[in-house]
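Subject: Structure handover

Hello,

Here is the structure you asked for, with notes on what was found in it. Please read the notes with the structure open beside them.

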Amino acid sequence: MLYESTRGKYLSITSAEAIKAGIAPDGGLFVPATRPGIDLEKLHKMTSMNYNERAFVVLQHFLTDYSDDEIKDCINNAYNMDKFDSPEIAPVKELSQGIYTLELWHGPTCAFKDMALQILPHLLTRAASKTGEKSEIVILVATSGDTGKAALEGFKDVPGTRIVVFYPQEGVSEIQKLQMITQEGKNVNVIAVDGNFDDTQTGVKEIFGDQGINRELQTNGYRFSSANSINWGRLVPQIVYYFSAYFDLLSQGKIERGEAINFVVPTGNFGNILAGYYARAMGLPIHKLVCAANENNVLTEFIRTGIYDRNRAFKRTISPSMDILISSNLERLLYEITEHNAEAVNEWMETLKEKGWYEVEPGIRDAIDNIFWSEYATDRETMQTIKDTFNQHNYLMDTHTAVGKNVYDKYVLATQDKTKTVIVSTASPFKFNASVARAVLKEEEIAGKSEFELLDVLAQASGIAIPEGLKNLDQKPLLHTDTVPKEEMPGAVKEGLGL
Ligand SMILES: *Cc1c(COP(=O)(O)O)cnc(C)c1O
C-alpha cells in the first residue's frame, strides 16, 4: 500500500517513508492511497486472537513494505507486560447493560497516547533503516500534556533518535508537568512554551516547514520527524483497538456476529476517532462514531453545521488534553470523505489559515453526518458525570472519559439509539486526580491536600491501586526547567541539539 499527501502535491511513497517523514513536504498529511478492506473471513478469525495477534492482522494491511517479522517485532516490543499493567493491553469493561468502556490507559504514562507511542519508535527506527537513512532522527513534539510524556517514554534512549518536547506553560496538569520535567534519558529535551497548546503546535509546525533550520540540521547529521498524531505511524496502531474491542465483545458473547456497535470518543486533535473511522472503512461493523468534545467545541459545531470556525476564545477546561481549536487530523477525514479531493482540501486549509474558518458543502456535511454525531460537555457536567458514574456503577472515570460518557447520555436522549456502545476511556482517573477527587469525595476529605496526597486518598476511596507511572513523582529531581517565548522555539531546538 502506498501513501499520498492530502494536499496532493507530493508523489506516493511507502509507509516507511511516510512514517519517517511525519508530515508531507507540501504541508499535507499522509493517508493510504487506496482504501484498505479486510474480508469477512479474515475479520472473524480475530475473535479468538489476543491483542498482539489482532494488531498484526491490522498493521499488515497498512505496512505492506514491512516484513511480517518486522511487524511482529514492533508489536511485541510495544505491547507486553513490562510496559502495560493489563495482560489484555486494552481491556473492555462493562459499565451497565450494553454500555462498555475500552480502557486505553494501561501503558506506562496512564493515558491512551501510549497505545501508539509505545510502538512508534520501533516503527520509526525500522523505517529509517529500511529507507537507508543515515541521519539521526530528531522527534519534535508539541503536547497538550499526554503526548509529551508518552513520546518521551517511547523514545528515551532509543539509539539513533533524539526527542525535543514542547508543552504549553498554561494548560497541563501538575502531574502531567512533573511527569515530563522529571524525564530521564540521554536523548531527551523538555521545554515549556509561554502560551497555550495552539501556540505550541503552531510553533512546532513552523519549525517543520522552516527550510533554514531543516538544512542546518541536515548538514549536522540530523533530520526531523514527528511523533504528533499527524504522523501516520501514530494513527495506524490506534486502528487496532477498535477491532480489539469489537472482537472482545464478540468472543464474550455480548454481541452477535456482524452486529454493529457505536464508539464514543473523547476528542481533541481528531486522531483517536479518525482511527475509528478507518476501522469502519475497513469493514468493522460500526454504526456511529460519537465525537465528544469539551467547551472548546469547534468539532461539535463543524459536525453539526459544516462550518469550522476557530475564531473563538480558547478555554482551559478540566479535560486539558482536549483543549484544542485546530484539530489537525480532521484534514485526513476531509480528504477521505471527498474521495481524495486534494484541491478542495487545499482550499479549506488555506481559508482556515487566512480567515480562521471555512465551510464545506451540504453534501459533504451530510456524508460526515451519516457516520458521526457530536455534542459537548461543560466542566460542570463532566464533574457531575464522574460523580454519578461512580455512585451508580462503582466505576471511576477521568475527566476526558467523563466528557465521553456525558455526551453519550445526550446522544441516547437525542436519538433513542439503543445500539450497544463502547465509550473509549482515554486516561486513568489517577492522572487527573484533582478534578476526579473533587467530583467523588467530600470537601473535608480533600481540603488542603496536594495532587500527590490526593492520589492516596483516591486509591483508598476507590479501592484501585495507584498506577506505577504516577507513584513517587514528587520525589524525583526536576531535570528540565526552561521556558521560552514562542518565537524562540527554533533556537531552543538548536540549543538542545548542541548546534
Ligand atoms: C490526547 C487525548 C485525547 C484526545 O485525543 P485526540 O486523538 O487528540 O482526539 C483525549 N483524552 C486524553 C486523555 C488524551 O490524552
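A cavity here is a set of points on a 1 Å grid over the protein atoms alone where a 1.4 Å probe fits but cannot get out, and a lining residue has an atom within 4 Å of a point. Grid points are joined across faces, edges and corners, and a volume is the space filled by probe spheres set on the points. The lining of this second largest cavity consists of S144, P168, E170, G171, F197, F314, P320 and D323. By class, four of these are nonpolar, two polar and two charged. The classes are nonpolar for Ala, Val, Leu, Ile, Met, Phe, Trp, Tyr, Cys and Pro, charged for Asp, Glu, Lys and Arg, and polar for the others, Gly among them.

This is a predicted model, in which local features need pLDDT of at least 70 and side-chain atom pairs count only at pLDDT 80 or more, while totals for chains, interfaces and linings use all residues. Residues are numbered from 1 along each chain as its sequence is written, and side-chain values use heavy atoms, with hydrogens and water left out.

Other cavities

There are four cavities of 30 Å³ or more in the structure. The largest cavity has a volume of about 270 Å³. Its lining has 25 residues, and those nearest the centre are F112, K113, G268, N269 and S321. Two or more lining residues come from each of α7 (146–155), α11 (232–251) and α12 (271–281). Helices (H or I, at least four residues) and strands (E, at least two) are DSSP runs, numbered from the N terminus. The lining of the largest cavity divides into eight nonpolar, 14 polar and three charged residues.

Pockets

A pocket, unlike a cavity, is an open set of points, with protein on both sides within 12 Å along at least five of seven lines. The largest pocket has a volume of about 1,300 Å³. It is lined by 45 residues, of which I23, G27, K205, F208 and G209 are the closest to its centre. The elements giving two or more residues to this lining are α1 (15–21), α9 (197–209), α10 (211–219), β8 (222–226), α14 (330–337) and α15 (342–355). Which of them gives the most? That is α9, with six residues. By class, the lining of the largest pocket has 18 nonpolar, 12 polar and 15 charged residues.

The second largest pocket holds about 420 Å³. Of its 21 lining residues, P108, E153, E468, G469 and K476 are the closest to the centre. Five residues of this lining are nonpolar, six polar and 10 charged.

Helix pairs

Axes are lines fitted to C-alpha atoms, for helices over the stretch in contact, and angles run from 0 to 180 degrees between N-to-C directions. Angles under 35 degrees count as roughly parallel, over 145 as roughly antiparallel, 65 to 115 as roughly perpendicular and the rest as oblique. Contact means heavy atoms within 4.5 Å. A crossing is left-handed if the near helix is turned anticlockwise from the far one by less than a right angle, and right-handed if clockwise.

- Helix α4 (residues 68–78) packs on helix α6 (residues 120–130) at about 150°, with the axes 9 Å apart. The two are therefore roughly antiparallel, and their crossing is right-handed. E70, D73, C74, N77 and A78 of α4 meet H122, L123, R126 and K130 of α6. These contact residues are three nonpolar, two polar and four charged.

- Helix α8 (residues 174–181) and helix α21 (residues 451–462) have axes 10 Å apart, at an angle of about 110°. They are therefore roughly perpendicular, and the crossing is left-handed. E174, I175 and L178 of α8 touch E451, F452 and L455 of α21. This contact has four nonpolar, no polar and two charged residues.

- The axes of helix α17 (residues 379–393) and helix α18 (residues 399–415) come within 8 Å, crossing at roughly 90°. That makes this pair roughly perpendicular. The contact joins E381, T382, T385, I386 and T389 of α17 to T399, A402, V403, K405, N406 and K410 of α18. Three of these residues are nonpolar, five polar and three charged.

Regards
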